[in-house]
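This report walks through one structure, from a sheet to a ligand site. The sequence and model come first.

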Amino acid sequence: MKPEPRSLPRSSLAGRSILIIDDSEAVRTAFEVLLSLHGAQVVSAASPAAGLAALARDSVDLVIQDMNFRREATSGTEGVALFHDIRASYPQLPIILLTAWTHLETAVELVRAGAADYVAKPWDDARLLTSVRNLLDLRSARAEAEELRGGRRAKRAALATRFDLRGIVYESEAMHILVAMATQVAHADVPVLITGPNGAGKEVLADIVQVNSARADRPYFKVNLGALPNELIEAELFGTEAGAFTGARARAGRFEAADGGTLFLDELGTLAGSGQAKLLRVLQTGEFERLGSNVTRRARVRVIAATNTDLRQGIRAGTFREDLFYRLNVIELEVPPLAERREDILPLARHFLEDGFKLSAAAAEALARYPWPGNVRELQNTIRRACLLSAERTIEAAALNLPVSAAATSAQPELDRVTVEQALERARGVIAHAARDLGLSRQALYRRMQKLGLKSDAPRPPSGA
Ligand SMILES: Nc1ncnc2c1ncn2[C@@H]1O[C@H](COP(=O)(O)OP(=O)(O)OP(=O)(O)O)[C@@H](O)[C@H]1O
Ligand SMILES: [Mg+2]
């Protein structure tokens, strides 16, 4: 055994229970000394049967197991059987395989089958401790995440029983807060401004506000201010008197039609000066005139406005009225881009899949990594197209047809904590798996985890990258 570097903190092993299954007393003793020195509680078993009995009896956080249990055995088949027995009953338990360097292939195969890691005999203490720590940290992180997710699910379920959430799909805390806010402000009869990039879900949020308001059963109209030329927008909003312009008929505008109800004004940032002035007036006084008429009419309409442009910037540039802005943004709901709430990607993707379709692991990985500049709408289109074009019921990564360069370039700098944790989770803590998924070497992933504080500042595993 090499002396252990002093820089290793002891915390992550403290109080954790580790089971050693090895027929050699010398090996068991060596592990007992090393691991208990770092605060772990070590349980030893000399045979597979004794190991399984210990697992049934004690609560164990991690297993280190040998591959051969008789002096004359070298095939490793006993170890393979033991591994599968443990996996069958404890699917989440991290298992480190101790293997002769001549049998690395079997170990690697088992790692593929879900073993957490392997260590070649004679082992290097620092390397082994690094692996143990990583796996224990990951186990705690996963347990915490699971608890958190359970808590969030409960909160979401509670929200969904009290309000109509219009089938909105999300997993992230950011969206939960936003949706909860939308339901809260719904019954306050004030304007709401919804901001966020294209396709992020602004309209879905507007629908949630409307359907949970006291005006839910009253008229609800949507006007896309960006889709019409300016003259027509005013006619659309406020109506026209016959002859107001060539060919104009007498016609009520949306404010009249929505009286007592709600108007969703999409792409507010494109509204020109005179339209802005009229909108401000109707918001302040409820009054307006049809184009070409001097009869003042009144309507009591709740306005929900949406924009993907920065209105504050418009105010500074003199293109958007500050007084109108403050009228409308009594309540501002800011929808974050999908890239800032990556937890939502896969739940949304699965939601958009046609019945009977599913995603391959690699496809899920590619979706989770892609930057989604077009947000939820782009994701929706991608999934729909893949379902349409895929000959198979399992959508493969290639069928998604994601721009390769964007995905690839974003992968490196965007290996944030969530991405790494998710990859580790999908790989059930199998470092080699997660590394392959992320397109990294095992060493590179260890380094990444270290940077993200997913483990101690332990030395890197030897060899390779
Ligand atoms: N959280 C979500 N759950 C389910 N579907 C969603 C969600 N967010 C967005 N969508 C769907 O994605 C598409 C785009 O959403 P939406 O139209 O609300 O975006 P937007 O922000 O208004 O976009 P734009 O700025 O382009 O108008 C819609 O089909 C919508 O139903
Ligand atoms: Mg929209």
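Two strands pair if DSSP finds at least two bridges between them. Strands (E, at least two residues) and helices (H or I, at least four) are DSSP runs, numbered from the N terminus. The model is predicted: local features need pLDDT of at least 70, side-chain atom pairs count only at pLDDT 80 or more, and totals for chains, interfaces and linings use all residues. Residues are numbered from 1 along each chain as its sequence is written, while chains are lettered from A and ligands numbered from 1 in the order in which they are written.

**The sheet**

Strand S1 (residues 17-21) pairs with S2 in the parallel sense, over 5 bridges. Ile20 has Ser44 in S2 as its bridge partner. An open sheet of 5 strands runs in the order S2-S1-S3-S4-S5, with parallel pairing. S2 and S5 are the edge strands, each pairing on one side only. On average, neighbouring strands of this sheet are turned by 20° against each other, direction ignored. Angles run from 0 to 180 degrees between N-to-C directions, and axes are lines fitted to C-alpha atoms, for helices over the stretch in contact.

Contact between two residues needs their C-beta atoms, placed from the backbone, within 7 Å.

**Val43**

Val43 lies in strand S2. Is Val43 buried or partly exposed? It is partly exposed, because 19 other C-beta atoms lie within 10 Å. The cut-offs are 20 or more such atoms for buried, 12 or fewer for exposed, and partly exposed in between. Leaving aside neighbours within four places in sequence, Val43 is in contact with Ser17, Leu19, Ala54, Asp58 and Val60.

**Helix H8**

H8 spans residues 230-238, and its buried residues are Ile233, Glu234, Ala235, Glu236, Leu237 and Phe238. Their cover includes strands S7, S8 and S11 and helices H9 and H10. Gly239 follows H8, with a positive phi near 90°.

**The ligand site**

17 residues surround ligand 1, and the closest are Val169, Gly201, Lys202, Glu203 and Val376. Here a residue counts if its C-beta atom, placed from the backbone, lies within 6 Å. Helices H7 (202-211) and H15 (375-389) are the elements that give two or more residues to the shell. Domain 2 (173-338) and domain 3 (341-451) both contribute residues, so ligand 1 lies between them. Domain bounds come from an automatic or database domain assignment.
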